[in-house]
Amino acid sequence: MNIHIKSLLSALAFSLLFYSKSFGLNLFLISILVVVLVSTLKETRTMSWGYALTYILTSIFILINPTGFTVFVHFMALMVFIGKSISSKTSLYLSWLLGFTKLLVASIANFIQRQNSVEEKDVKKETSPKLLNRLKGGFFAGILLILFATLYKNANPVFENLVDQISFDFISFPWVFFTFLGYVVFLNILRPLDAQELIAVDASQKNELETPTEIEIIGQKKQLESEHTLGSFIFIALNFLLVFFLVTDGIYLFQKGDISNAEYSASVHQGVYALMFSIVLAIILILYFFRGNLNFHKENTQIKTLTYVWISLNIILIVFTSYKNFTYVEALGLTYKRIGVFVYLLLTLTGLITAYIKVAEVKSFVYLVRTNIATVFAFLVLSAAVPWDKAITYFNLSTLENPDIHYLIDLGDTNSIQLYDYAKEKEVNYDLNISIQEKYDEYLTLQSEKTWQEYTFAQLAKTDTK
């Protein structure tokens, strides 16, 4: 089928599913369509089924938990999938960039680029006289159909009644513009983007550092010895400072019973800030001193050992900060900021592990970028599977004697039923009860007004419990 016909039919489906609609079932259906369309182009593309399934899976997450975060992750997965369809072997950050660029400007880029002889033959094949005749025939047939239908309805009351029941009220300039945008998006998806130069550059970047010759090592001996001495002194000083900080932090943890919640909160945040600065500094120093031939210097054992100690001490700092944040959550409940602290600590731990691998196995800077971006993407997808508003509400209502109801009310509407049930079971003051009831009523109204394109799993549950 011609690429323009595919794009037009897909654009009509796009407008049917999304015009004046919120996200729900429509994203799942369109993701299936996108994967099918890309799979039909496997002669010119490489199909990454793992990323295709991830893209579809994130649309299911939206069906389960329709929030801004899950929608964001879904579109991130879309851009990565589209980028991987151009080249499955590219790094994740380049796949995202290619996918983002492709969705926006692929058609313009292809139009500007000079086509080689093979591409010219493809264009001629796509715009064959037979196809043009069909398009012309369909256009003129449509005009004549409208003209004669207008004439016939004046001669037959029954036919007139049937014609009058056909409504085209949905056709408007905004609808036409929206459909045209859908056509452009699908045309961009279906047309390959020439990014061979970028792909080649990415492929040339190795994860391992290139081993120098013995002559190169001897020629840089003085420079390497100087860097080794400098690095050793820096890491010795930083290790001593971090040990002193960890000892004082341990003492602080033992006396936490005498500390107010406000002071403990400040301690958690300061620990995160200290850890953030420490990790950034560690990565910068590691990248500097282990950027080249010092990795292959025979007398680099000391600086490597000090680097491993530095990484280990930072891991201990992560453990201390995690414990403080956990006890803070245990006392005052979950919030997005406290969850964010755990997320940051987990990603920081990943960064430290990859930094260790970089030094131990003589990896390159590109390795760090590729590995950590892939980790962040995987974590985003996994995080999208968790209904955080419901999880926070459940934890706080079930574990705290006096949960912060005001905070829970300010969360998304997916916890409305939980709050409504809690208000019926517990004694809640009048103002809070009114706020909960209003949120619950708005939630039920919003769910009842959704069309089939916007359906989520909430429509399958019984929400009318008043």
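Is Leu346 buried, partly exposed or exposed? Good morning. Before I answer, please note that this is a predicted model, in which local features need pLDDT of at least 70, side-chain atom pairs count only at pLDDT 80 or more, and totals for chains, interfaces and linings use all residues. Residues are numbered from 1 along each chain as its sequence is written, and side-chain values use heavy atoms, with hydrogens and water left out.

Leu346 is partly exposed, because its relative accessibility is 41%; buried means under 20% relative accessible area, exposed over 50%, and partly exposed in between, with a 1.4 Å probe and protein chains only. Leu346 belongs to helix α15 (residues 336-360); helices are DSSP runs (H or I, at least four residues), numbered from the N terminus. Its C-alpha atom is 9.7 Å from that of Phe379, 33 residues apart along the chain.

I turn now to the aromatic rings. The structure contains 10 aromatic pairs; rings of Phe, Tyr and Trp (its six-membered ring) pair if their centres lie within 6.5 Å, and planes under 30 degrees apart count as stacked, over 60 as edge-to-face and the rest as tilted. Tyr55 is buried at 2% relative accessible area, and Phe81 is buried at 0%. Elsewhere, Phe14, Phe18, Phe23 and Phe75 form one aromatic cluster.

Technical notes: Helices (H or I, at least four residues) and strands (E, at least two) are DSSP runs, numbered from the N terminus.
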